[in-house]
Amino acid sequence: MTGTGGGASNAANESARAAGTGPVPAPGLEIVSPGPSATVQDLGRPGWAGIGVGASGAADRGALRLANRLLGNAENDAAVEVTLGGFTAWACRDLVVAVTGAPCPVTIGHRGGAVNTVLRLRAGERLRLGTPARGLRSYVAVRGGLAVSRVLGSASTDVLSGLGPDPLRAGTVLDVGPAPGPLPSIGFAPVPLPEPDELVLRAVPGPRADWFEPDALETLLTRPYMVSAESNRVGIRLDGPELTRASADELPSEAMVPGALQVPPSSRPTLFLADHPVTGGYPVIAVVVAADVDRAAQARPGMRLRFTHAPPR
Amino acid sequence: MRVLPCADVGLLVELDDLDAVRALHAALEADPPPGVIDLVPAARTLLVRLDPDTSDPERVEHAVRRVRPLRTGGGAVPGSDAPVVEIPVLYDGADLAEVARLTGLSENGVVAAHTGTEWTVAFGGFAPGFGYLTGAGWSFDVPRRAEPRTVVPEGAVGLAGVFSGVYPRSSPGGWQLIGHTRTRLWSVEADPPALLRPGVRVRFLEAT
């Protein structure tokens, strides 16, 4: 991932390093510790489902977009998705960064930093993300965007299909692209805190709601579910009341969407996130609206989820 | 046609059969309504994926219902002018005897039927580069294995339902395995990365 080039671009890299900006990507962040899990994500690779490739991309798309907007980047620029904090990286040169998503303690060298603000990181300083008190996924964006090789147009790591860059490890060096235009004049974005104990998600009856006993949908929309530990970027497995099917017919595989609540033979739903399978063979009882899928991506194991019927738009 | 809602991110269009799926897919691909970001065909459905920020599901549904499906007679599909991909197979699969029993053919008869059929990639899914193949005149319906395998090797050639397919990489799987190939089905360095894309025709050859 380290940028290499001909003599001319090496010289450009040198001056880019000195200035913290420049026309070509150059090493920007070296990972010291990725924490429990950290991957590179942009807004994914939609449009390839026909050959079995899912869209992937940031699990909390709104948080990634916000981080990029704060820095004047394109919304689709690649950033680091950090899971449950514990992330440390070292600046190879002067950088401007923003941390969004799950609000975690941020330190730069020995200074404290704040989430949802524009932060300046000098060459040689360390950026540390502590464990968030609420939420699960934080985003570290760098002005200029991460310059990571793309697969089918996206730098996102898809943990289900194995496409995209490897998950970040200690020692991974991430190149950063040239700074875009001027920094936006707003250096802080107020964002509501993720819910601490219980998350209410808006859902609408799904394409196969009629495959279930008549009371199943009501059960889903009135009873609480618990986020199980077997949850990742593919989906959130939920513990709670069983959703009983009306028939045991086999469903021919059909396409899935993010936010789908698919009910496997365990009768307990899985809520699909960014790396969900392109197609699935179990019925979808309900679908969480797009805006709330971002909030679902911040749900931690052990947290309570409730689903409420979304009013039509 | 039934149009089933998927919140603000999609419409799942349920159709009578695969030919109807292909025809609607071809028509929408040629002229996608505004806000449509992907079309995902499957056996009896076509998912119309919507951008929740820019699309209006109701307007897209009207457009989908109005569209004139692109029928391309004889089971041919969009891209049927594509060349035939030939895949040499060593028919040594662990389930060949079971498939022979299920179909009432001899093992040689299974091989003859599989190599004698012209297959077409109907749709993708399951894994990058996996294509669900349907065969003109292939009349067998082979149930999946009762117990899926935890590991199916890359290149394994299998049958399930009315479909045949080749595992692009090692993965768990429940298809009945009849052989294997060394042909590479997926490479991100290749353009396009998948050998088997919807519409591509496939002929299996017996390798020895």
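This is a predicted model: local features need pLDDT of at least 70, side-chain atom pairs count only at pLDDT 80 or more; totals for chains, interfaces and linings use all residues.
Select A:Ser56 to start. This residue sits in the loop between strand 2 (37-41) and helix 2 (61-70) of chain A. Most residues other than glycine have a negative phi. Is A:Ser56 buried or exposed? At 3% relative accessibility, A:Ser56 counts as buried, the cut-off being under 20%.

**Next stop: A:Leu84**

Stay in chain A and pick A:Leu84. Look for it in the loop between strand 3 (79-83) and strand 4 (87-91). Here too phi is positive, about 60 degrees, although A:Leu84 is not a glycine. Colour by accessibility and A:Leu84 comes out as partly exposed, at 29%.

**Across to chain B**

Side chains of opposite charge can pair when their charged atoms come close. A:Asp210 and B:Arg2 form a salt bridge, with the closest N and O atoms 3.7 Å apart. Which elements hold the two ends? A:Asp210 lies in the loop between strand 12 (198-205) and helix 3 (216-222) of chain A, and B:Arg2 lies in strand 1 (residues 2-6) of chain B, so the pair joins two chains. B:Arg2 is partly exposed, with a relative accessible area of 38%.

**Chain B as a whole**

Count the elements: four helices and 13 strands. The radius of gyration of chain B is 18 Å, close to the 17 Å that the globule rule gives for 208 residues, so chain B is as compact as a globular protein of that length. Draw the principal axes. The C-alpha trace spans about 55 × 35 × 35 Å along them.

The accessible surface of chain B is about 9,600 Å², and carbon and sulfur atoms account for 50% of it. Of the 208 residues, 53% count as buried.

Colour by charge. Chain B carries 19 positive and 26 negative side chains. The centres of these two sets lie 2 Å apart.

**Two helical salt bridges**

Zoom to helix 2 (residues 57-66) of chain B and select B:Arg65 with B:Glu61. Their side chains meet in a salt bridge, 3.0 Å from N to O. How far apart are B:Arg65 and B:Glu61 in the helix? Being four residues apart, they are separated by about one helical turn. B:Arg65 is partly exposed at 44% relative accessible area. B:Glu61 is partly exposed at 25%.

Move on to helix 3 (residues 96-103) of chain B. B:Arg101 and B:Glu98 both lie here, three residues apart, about one turn of the helix. A salt bridge joins their side chains, at 3.0 Å from N to O. B:Arg101 is exposed, with a relative accessible area of 58%, whereas B:Glu98 is partly exposed at 31%.

Now bring chain A back and select A:Arg208, A:Asp210, A:Glu254, B:Arg2 and B:Glu14. Salt bridges that share partners join these residues into one network. A search of the whole structure finds 26 salt bridges over all chains.

**A cis bond**

Select B:Asp191 and B:Pro192. Most peptide bonds are trans. The one from B:Asp191 to B:Pro192 is cis, with omega near 0 degrees. B:Pro192 is in the loop between strand 12 (176-180) and strand 13 (201-206) of chain B.

**Last stop: B:Leu133**

Centre on B:Leu133, in strand 7 (residues 127-135) of chain B. B:Leu133 is buried, with a relative accessible area of 0%. What does B:Leu133 touch, leaving out residues up to four places away in sequence? Show B:Trp119, B:Thr120, B:Val121, B:Val162, B:Phe163, B:Ser164, B:Leu196, B:Val202 and B:Phe204: B:Leu133 touches each of them. Finish with a distance label from B:Leu133 to B:Pro198. The two are 65 residues apart in sequence, and their C-alpha atoms are 8.9 Å apart in space.

Definitions and conventions. Residues are numbered from 1 along each chain as its sequence is written. Chains are lettered from A and ligands numbered from 1 in the order in which they are written. Side-chain values use heavy atoms; hydrogens and water are left out. The radius of gyration is taken over C-alpha atoms; the globule rule is 2.2 Å times the number of residues to the power 0.38. Buried means under 20% relative accessible area, exposed over 50%, partly exposed in between (1.4 Å probe, protein chains only). Accessible areas come from the Shrake-Rupley method with a 1.4 Å probe; for residues, only the protein chains shown count as cover. Lys and Arg count as positive and Asp and Glu as negative; His and the chain ends are not counted. The place of a charge is taken as NZ of Lys, CZ of Arg, CG of Asp or CD of Glu. A salt bridge is a side-chain nitrogen of Lys or Arg within 4 Å of a carboxyl oxygen of Asp or Glu. Contact means heavy atoms within 4.5 Å.
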